[in-house]
Amino acid sequence: MDVHAYKDALLKKRGEILGTGGIKPLQASMENNTRQGDMADQASGNNEVHIQLKLKQTDAKILQAIEDALERIKKGTYGVCRDCGEPIATARLNAIPWTRVCIACKEKQSS
Ligand SMILES: [Zn+2]
């Protein structure tokens, strides 16, 4: 397996998330704290905040998964399913380089 290609993909994705300002944990929580009270009674405004917050959480999750994947590359365990220990299909790694589980285990999780 050519982990260098996956490492490049992971670093690129991490740069995208950090570079686009998709994640600014401190600022996000500050905004949330100051705006929450004002917007509690405004349904539309509240929704908007909620959606933005959700997006940030998704970015944060992916970012964490990318860090974990980079760690696994260092340890030499990259591309192995966390749950069953089987190798993850390269097609899946190409699509989601930061994935931790194979397709079979992923489907088990969501069902
Ligand atoms: Zn598995």
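Reply: Start with contacts, meaning heavy atoms within 4.5 Å. Among contacts in the protein chain between residues at least 6 apart in sequence, 56% join residues at least 24 apart. This is a predicted model: local features need pLDDT of at least 70, side-chain atom pairs count only at pLDDT 80 or more, and totals for chains, interfaces and linings use all residues. Residues are numbered from 1 along each chain as its sequence is written, and side-chain values use heavy atoms, with hydrogens and water left out.

Me: How many helices and strands are there in the protein chain?

Reply: There are 5 helices and 0 strands. Both are DSSP runs, numbered from the N terminus: helices are H or I with at least four residues, strands are E with at least two. The order from the N terminus is α-α-α-α-α.

Me: Why is the pair of Y6 and Y78 called tilted?

Reply: Rings of Phe, Tyr and Trp (its six-membered ring) pair if their centres lie within 6.5 Å; planes under 30 degrees apart count as stacked, over 60 as edge-to-face and the rest as tilted. The structure holds 1 aromatic pair. The ring centres of Y6 and Y78 are 5.5 Å apart and the planes stand at 45°, so the pair is tilted.

Me: What makes this pair a tie between parts of the chain?

Reply: Y6 lies in helix α1 (residues 3-19) and Y78 in the loop between α3 and α4 (90-95), so the pair ties together parts 72 residues apart in sequence.

Me: Are Y6 and Y78 buried or exposed?

Reply: Buried means under 20% relative accessible area, exposed over 50%, partly exposed in between (1.4 Å probe, protein chains only). Y6 has 9%, so Y6 counts as buried. Y78 has 5%, so Y78 is buried. Of the 111 residues of the protein chain, 28% count as buried.

Me: Why does I103 count as partly exposed?

Reply: The relative accessibility of I103 is 46%, so I103 counts as partly exposed. I103 sits in helix α5. Its C-alpha atom is 8.0 Å from that of A89, 14 residues apart along the chain.

Me: Which residues of the lining lie nearest the centre of the largest pocket?

Reply: A65, W98, T99, R100 and K106 do, out of 13 lining residues. The largest share, 4 residues, comes from α3. Both α3 (43-75) and α5 (103-110) supply at least two.

Definitions and conventions: On a 1 Å grid over the protein atoms alone, a cavity is a set of points where a 1.4 Å probe fits but cannot get out, and a pocket is an open set with protein on both sides within 12 Å along at least five of seven lines; lining residues have an atom within 4 Å of a point.
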